[in-house]
Amino acid sequence: MEKPTLPKGTRDFGPAQMAKRQFIFDNIRKVFQKYGFQPLETPAMENLTTLTGKYGDEGDTLLFRITDSGEIAKKIKDFASQTRRSRVREIGKSLTKTLYEVAKQILIQKPFINTDDYILIGNEIKDLYASGQLNLPNEDINLVVNFLLNEDPSYILFRNSLLQDYFKLIKENLSSDNLLNGAASHPYFTLLLSELISNFTFESMSNKDLIPLINEKGLRYDLTVPFARYVVMNRHEITFPFKRYQIQPVWRADRPQKGRYREFYQCDADVVGTDSLLCEADIVLMIQEVFGALGILDYTIKINHRAILSGLAELTGSQNESSLFVAIDKLDKIGEEKVKEELRSRGFEDKGIDAVFSILNFKGTTEEKINFLTTQFAQSEKGKKGLADLQLVLQLLENYSSTGSTNANAHVEFDISLARGLSYYTGCIFEVKINNVAIGSVSGGGRYDNLTGVFGLPDVSGVGISFGVDRLYDAMEELKAFPEEARISSKVMIAHFDEATFHYSLGVARQLRSQGIATEVYPDQAKLKKQLDYANKKMIPFVLVIGSEEQKSGLLTLKDMQKGEQQQLAIEAIAATLKNN
């Protein structure tokens with residue numbers, strides 16, 4: 001018997017784990033809704049044309065591609081037919097002047113007066129095959145004959161060019177004696193033609209040729225690109241600025257390790273149709289509220305701007321911005337020296353690399369970093385733009401704090417080295433890390449000005465944030481941050497002693513549930529100890545014990561499983577007690 005296993009990088013979540021994950025989902029959802037975001041869902045799969053080219057070269061290699069098994073046989077067959085014709089066409093390009101003379105010599109044994117008599121040539125090939133003189137697959141012969149007999153005008157020039165070059169090949173490969181003899185001329189012509197056609201194999205095809213045949217769709221890599229696709233397709237129905245949140249799984253063909261999975265959930269909130277930096281300020285506030293609701297107190301919200309990184313790229317003298325961004329994004333993973341090596345391999349000069357790292361390694365407060373970069377970017381318009389946007393976001397956060405509420409700039413750190421590897425970011429970028437936990441970033445996002453443009457809707461700016469639920473879950477487990485109520489499935493369980501009290505308990509359960517109290521009835525006839533053990537294992541905090549006396553008096557025994565205390569109360573008082581605990 002085969003032992004069941006899970007694909008690498010995926011996990012099951014039992015009821016206890018799901019209760020905790022639901023705690024995360026619920027709190028994130030509440031914050032998103034508080035800021036005016038509306039729910040949205042998109043399909044698990046997207047067309048590859050939607051996904052590719054949006055995440056950089058490395059991101060494209062991590063796409064999970066879906067094999068279109070239902071249509072693959074037909075597609076490959078059709079492709080093979082088309083490609084064979086293309087292969088033949090490649091050979092027939094140069095010779096145009098000697099068709100008649102060469103044909104007259106080759107076809108000397110047959111009374112073909114006109115070498116354009118393709119019907120006679122086609123019938124001759126069929127006769128040779130029928131007589132067993134051609135040891136070739138029927139499919140290949142049919143391909144050649146159909147080609148020769150096809151009278152579609154679009155085939156005429158193709159046929160002329162093809163036959164001219166094949167006659168040339170025959171002339172080069174047969175001796176003059178054979179040409180004059182002509183005995184093997186027709187079989188040789190057919191063999192040569194068919195051999196070159198049939199020599200095509202799928203081993204000669206590149207991955208670039210095969211992938212579109214086998215894979216037309218892929219699992220979504222993130223929620224932002226499908227959202228941009230949705231906006232473009234529904235632009236006449238939605239109201240701009242459009243604010244949506246989305247909580248769904250994504251898939252990446254990454255190497256599984258701690259905090260990195262191949263299937264994981266993202267909770268995204270994006271707004272498109274406005275370039276107001278108020279949206280960036282709201283993102284910071286949402287992050288703070290989410291972490292406060294989850295009970296995570298020690299974390300850092302790192303913020304930077306892509307234009308600041310563009311200013312750094314200008315200092316290197318290179319136009320290869322994307323390579324610089326990708327390399328800088330690996331600083332935390334591989335360290336400074338490895339990043340420098342990668343930049344050198346991509347053509348960056350040591351002088352430019354040193355200039356970049358003299359800035360990346362600058363230490364100081366946010367204000368000191370801004371003052372330092374203001375001097376460095378004196379000649380960089382991109383750098384100045386990035387600094388101006390960043391300062392405005394920080395000012396908006398100050399304004400949010402002006403009414404005496406909590407500090408809206410709390411936990412915010414300007415990190416010059418923050419790059420975010422995704423290629424579609426164009427403005428402010430964010431990344432959130434929980435301190436003192438051995439897990440990478442648990443949230444990230446930024447502004448993208450051109451993402452909808454690739455789908456035919458230019459000049460629609462957007463900005464968003466994404467929470468990685470799986471990393472949040474792992475971090476909270478490590479910190480033991482889940483509250484007790486996150487582990488509770490039912491508030492109360494009803495235990496009973498016999499058939500009569502079992503039926504009576506059903507009405508009690510209905511009353512409690514009608515008041516919003518999560519209630520379950522033990523389903524079997526069993527000893528009280530077994531029922532209480534069940535409640536303990538499920539961490540149900542209260543048990544309502546109903547015996548014959550309780551049934552008669554209407555005073556039911558409510559047992560606090562944590563304290564070990566119990567009291568007899570009427571159903572109304574029991575409901576009030578459960579709601580208050």
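Reader: In which helix do Glu-381 and Lys-384 both lie, and how many residues apart are they?

Author: In this predicted model, both residues belong to helix α20 (residues 381-400). They are three residues apart, about one turn of the helix.

Reader: Why is Glu-381 called exposed, and why is Lys-384 called partly exposed?

Author: Exposed means over 50% relative accessible area, buried means under 20%, and partly exposed lies in between. Glu-381 has a relative accessible area of 58% and is therefore exposed. Lys-384, at 37%, is therefore partly exposed.

Reader: How many salt bridges does a search of the whole structure find, and what is the distance between the closest N and O atoms of Asp-470 and Arg-11?

Author: The search finds 19 salt bridges. In the one between Asp-470 and Arg-11, the closest N and O atoms are 2.9 Å apart.

Reader: Why is Asp-470 called buried, and why is Arg-11 called partly exposed?

Author: Asp-470 has a relative accessibility of 3% and so counts as buried, the limit being under 20%. Arg-11 has a relative accessible area of 25% and is therefore partly exposed.

Reader: What makes Asp-415 and Lys-302 a salt bridge, and where in the chain do they lie?

Author: Their closest N and O atoms are 3.4 Å apart, and the pair therefore meets the requirement of within 4 Å. Asp-415 is in the loop between β8 (412-414) and β9, and Lys-302 is in strand β7 (residues 299-305), 113 residues apart. Asp-415 and Lys-302 are buried.

Reader: How do you know that Glu-431 is buried, and which residues is it in contact with?

Author: Glu-431 has a relative accessibility of 10% and therefore counts as buried. This residue is found in strand β9 (residues 428-434). Leaving aside neighbours within four places in sequence, its contacts include Lys-302, Arg-420 and Gly-444. Glu-431 and Gly-444 are 13 residues apart in sequence, and their C-alpha atoms are 4.1 Å apart in space.

Reader: How many disulfides does the count come to, and why are Cys-267 and Cys-428 called buried?

Author: A disulfide needs two cysteine sulfur atoms within 2.5 Å, and by this rule the count comes to zero. Cys-267 has a relative accessible area of 0% and is therefore buried. Cys-428, at 1%, is therefore buried as well.

Reader: How many residues has the largest nonpolar core, and which have the most contacts inside it?

Author: This core has 100 residues, and Phe-291, Phe-467 and Leu-472 have the most contacts inside it. Its largest share, ten residues, comes from helix α13 (residues 278-294). Not counting residues up to four places away in sequence, Leu-472 touches residues including Ile-24, Phe-291, Ile-434 and Phe-467. A second, separate core has 18 residues, among them Leu-512 and Ile-571. In soluble globular proteins, nonpolar side chains tend to be buried together.

Reader: Why are β13 and β16 said to stand at the edges?

Author: Five strands form an open sheet with mixed pairing, in the order β13-β12-β14-β15-β16. β13 (519-521) and β16 (565-569) each have a single partner strand, so one side of each is left without a neighbour in the sheet. Neighbouring strands are turned by 25° against each other on average, direction ignored.

Reader: What joins strand β15 to β16, and which residue stands opposite Glu-565?

Author: Five bridges join β15 (residues 556-560) to β16, and the two run antiparallel. At least two bridges are needed for pairing, and these strands therefore qualify. Asp-560 stands opposite Glu-565 in β16.

Reader: Which strands does helix α22 lie across?

Author: Helix α22 (residues 499-514) lies across β12 (492-496), β13, β14 (542-546) and β15, and runs at about 170° to β13. Helix α23 (residues 528-537) lies across β12, β13, β14 and β15, at about 170° to β12.

Notes:
Residues are numbered from 1 along each chain as its sequence is written. This is a predicted model: local features need pLDDT of at least 70, side-chain atom pairs count only at pLDDT 80 or more; totals for chains, interfaces and linings use all residues. Side-chain values use heavy atoms; hydrogens and water are left out. Buried means under 20% relative accessible area, exposed over 50%, partly exposed in between (1.4 Å probe, protein chains only). A nonpolar core is a set of buried Ala, Val, Leu, Ile, Met, Phe, Trp, Tyr and Cys residues joined through side-chain atoms within 4.5 Å. Helices (H or I, at least four residues) and strands (E, at least two) are DSSP runs, numbered from the N terminus. Contact means heavy atoms within 4.5 Å. Axes are lines fitted to C-alpha atoms, for helices over the stretch in contact, and angles run from 0 to 180 degrees between N-to-C directions. A salt bridge is a side-chain nitrogen of Lys or Arg within 4 Å of a carboxyl oxygen of Asp or Glu.
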